[in-house]
Amino acid sequence: MNPPDSRSNNSDQRGDLLRRLQKIVTHVPGMVFQYRLWPDGHSSFPYCSQGIESIYGLSPQQVHEDARAAFQVLHPQDVQRVRQGVRTSAEQLSLWHDEYRVVKDGEVRWVEGEASPERLDDGSTLWHGHIRDISARKVSEERLRESEERLQLIFNGINDGVWDWDLLRNQVYFSPRWMSQLGYQPGELEGRYETFLQLLHPADMDRVVEQINGYLEGDSRVYEVEMRLRHKDGSWRWIMARGLALRDAQGRPYRVLGSHTDIEQRKRSEARLQLAASVFADAQEGIMITDTQDRIIDINQAFCDITGYSREEALGRTPNLLNSGHHKPEFFAQMRQQLADTGHWRGEVWNRRKDGEIYAEMLNISAVHDEQGQVHHHVALFFDITVQKRHQHELERIAHYDALTGLPNRSLLADRLGQAMVNAERRNQRIVLAFIDLDGFKQVNDTHGHRIGDQLLREVAQRMRATCREGDTLARLGGDEFIAVFIDLADVQASEPLLRRLLLAASQPVQTEAGSVQVSASVGVAFYPQQGPIEADQLLRQADQAMYKAKQAGKNRYHVFDQAQDLSLRRHSQSLQEMEQALQQGQFQLYYQPQVNMRSGALIGVEALIRWHHPSRGLLLPEHFLAEVENDELGLRLGDWVLQGAIAQLAHWQAQGLDLTLSVNIAAHHLHQTDFIDRLQALLQQAPPIRPGRLELEVLEANALNDRERVAELIHRCDDLGVGFALDDFGTGYSSLAYLKHLSAQALKIDRGFVGKMLEDAEQLAIVDSVLCLARAFRRRPIAEGVETREQGQMLLSLGCELAQGFFIARPMPPDRLQAWIANWQPDPSWGQVRKLNHELMPLLYAMAEHRAWINRLGQYLQADRDSQGEPPELEHDQCRFGEWLISLRDQGGYDSLELHTQIEPLHLQVHQLAEALIRQRQNGDPAGARQGLARLHQLRDQLLQRLQARIEAAPAADRAMAGHPPLPPPR
């Protein structure tokens, strides 16, 4: 017998073991598997139990042949996560465990798998694991979650706290909401019954504990109690607690479940309602509640006491049962509109009691809204103010009405006038204010006594009041003075009938105890609005002033206030106030305009000129403000300020070595003051000594002539003080030779108006020449003002006037700029070449002036609008004044006939021919072309004037040739 083969036995044993394991695995729920994964990503299932069919829907053979099949049935959202879990398990050799979904026959199933990995010699990883179906468990978990969510939603929805009391262990669960109702966070309270008792209000302790014990012992079927629990902040909160006990078979409670509801707001509402009910019943004010249909649904006892209506009589009716008829429908319409807009109305109402008595009440109505914001009802609260209104009416009558006539007094007039002025502005209408003063009332009073006078005043007041319309006001100021205010007038003329009726009513006889007496009225009238703003008291003053004008004009009439004159006076007053302030604040300053010798260029003096540095209007010249103070005391002070400043400046310049004459203008009002010399002497004594004759006072020629004796005396006394005198604007007055001899002024200042026009106006040139002749005859120093062109300076020098001032020389400047001006000043070079003409050449100068004037008139005509009125100057060359002069000159042979015929007359003829052509061009509809031709006309003018000027400069031969030249014909 052969020995048994050990290898065969071992193989049989392994086969049996494998069969037994397969039987075991077959009965294991789910699937048992081996899964192998190589580093290159290749995988296989060395073994898979038959249970894979129930889970994956695959056979073991399918996954054995292609391991990827097992991953293809996974839910798309879980594939990536499962693969990542497998890779992580392989890297870390950690247990693989996961829950995921597979899709089998279109149905999604939840499975749970776990496997242990081991690393093989070839670097691959082999897992031994098990996968089972957990779909049923997942469904249960989902249902439990949904149930818990529903329960939580219920708790959140009812906003109640929950408590769970385990009686056997004496443990209590307080939900988060339960704790938050009392201000606590989860975990801050110990879960014991004693915790609840510690929070319970001492006053509620016995009642609540007794109710809890009674419920647990079965004495009551429900547990429900209201109590106060202490909040974390120390306050007490009202809580409604409800509970349900769980009992064993013997009926013994072992657990109680319950809820906590916060009823703090409800308790407060109940307290307010209780208080409101108490107030409603016990209030001294009447209370009435109406519904949306305005029906009375409730009243209190005070309502019955005030109105006289019982509760039964009032309920179901409207508040109209109290209507007194005192108010118009518009009043109640406005009340309802305000209630609708704001929900409130407050005001005074006159109502009627049940017995018919009218009474006043202060009424306050409020709208009560429901949760949707709609008006639910109205609550009216009122109290009787009849006594107060009567007392108020009596006080108003005393305060606002005249005791004698019953008319409004001054106080009520002010209110009504102010309101009338506002309404007039708003409605764009006019009001008339009439100031009435009775003529002859004092005589009646003195003759018949005050009693008759009072009777007369009452009757006249009532008659005048009867002439007024509704809305007008007649008030008594006192004595025999009245004010009437007529409103809503379309224009000023609409007041005339009212004023006539007023005068007629005041002038009718009045029957008194002493017989018939009669007065009249003087009425002053003012209107509103006016051109500028005006206050009520100013309007009264205007009417008062107009009333005095009516009296002066003969009484028993009315006079209208002159608004333009008053406006001028008010503006003048404002200007004076502004200048007074400017003087105090140092806004005035002295400027100085140099006076020079035009031939030599020497500075001979300066004229002091005042300037105002206005804070808003800038630098103002004297013509903009000095007229306002011409006859006012402020003008005297301003004149003294100018003198003081000029004297101080002159002394300062002399101390610096600058020797010049300083001229100061003196106003007539200032000059005529009796103490003028004394004040001047005082100013001189206050300053350092100045050289005699260096201070010169300028007075207008016209002012000097008005008071020749006074001015002559002043000049003499000023000589004693070393102060010189000059006549300003000389030639504008009516001086005679005797006057000029009597007024020993050292200088004559030629008015700037003559200087500015002398080149083109022969008459102005003649005046300048005459003034210079007078100055030479009486040995006065002539100074020309207003030199603004080179040609004006040339003309003055040719006439023999070397001293001048004007903008062409220098504008007025502050004193600190004078030294710099002196250093840079040079006279015009042409002035040094001009020689004084013999008087025989004057006709030629006049001729040149006339020619310039003719050209100017022609230019004005051509540049004017075509439709404007006006005639051109004389166009015939031998008919104009220059042409007439040429003819006379030619006839007398006083001019070089060759030059006259070849140069002067042809140029003059060309000027007239061109002028005729330009005028025709304008009249034919081409005004622009005519204006352009002016340039050629001016060229011819300049050529002609240059020819004449050359003759003037050709002295001395030309001077002799011009002897006997005829003067210009007189002006036509």
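## Basis of the description

The model is predicted, so local features need pLDDT of at least 70 and side-chain atom pairs count only at pLDDT 80 or more, while totals for chains, interfaces and linings use all residues. Residues are numbered from 1 along each chain as its sequence is written, and side-chain values use heavy atoms, with hydrogens and water left out.

Helices (H or I, at least four residues) and strands (E, at least two) are DSSP runs, numbered from the N terminus.

## A five-stranded sheet

Strands of a sheet pair through backbone hydrogen bonds, either parallel or antiparallel. In this model, five strands form an open sheet with mixed pairing, in the order β17-β18-β16-β21-β22; two strands pair if DSSP finds at least two bridges between them. Because β17 (473–478) and β22 (557–560) stand at the edges with a single partner strand each, one side of each has no neighbour in the sheet. On average, neighbouring strands of this sheet are turned by 20° against each other, direction ignored.

Strand β17 runs antiparallel to β18 (residues 481–489), and five bridges join them. Glycine 478 stands opposite glutamate 481 in β18. Helix α18 (residues 496–507) lies across β16 (430–439), β18, β21 (520–528) and β22, at about 155° to β21. For such angles, axes are lines fitted to C-alpha atoms, for helices over the stretch in contact, and angles run from 0 to 180 degrees between N-to-C directions.

## Nonpolar cores

In soluble globular proteins, nonpolar side chains tend to be buried together. A nonpolar core is a set of buried Ala, Val, Leu, Ile, Met, Phe, Trp, Tyr and Cys residues joined through side-chain atoms within 4.5 Å. Buried means under 20% relative accessible area, exposed over 50%, and partly exposed in between (1.4 Å probe, protein chains only).

The largest core has 110 residues, of which Leu662, Val664 and Leu697 touch the most other members. Helix α31 (residues 842–863) supplies the largest share of this core, twelve residues. Apart from it lies another core, of 31 residues, including Ala461 and Val523.

## Two individual residues

Glutamate 785 lies in the loop between β30 (781–784) and α29 (790–799). With 3% relative accessibility, glutamate 785 counts as buried. Its side chain makes a polar contact of 3.3 Å with that of lysine 749; such a contact is a pair of N or O atoms within 3.5 Å, and within protein one must be able to donate a hydrogen and the other to accept it, while residues adjacent in sequence count only if both atoms are side-chain atoms.

Glutamine 61 lies in helix α3 (residues 60–65) and is partly exposed, with a relative accessible area of 45%.

Methods: Contact = heavy atoms within 4.5 Å.
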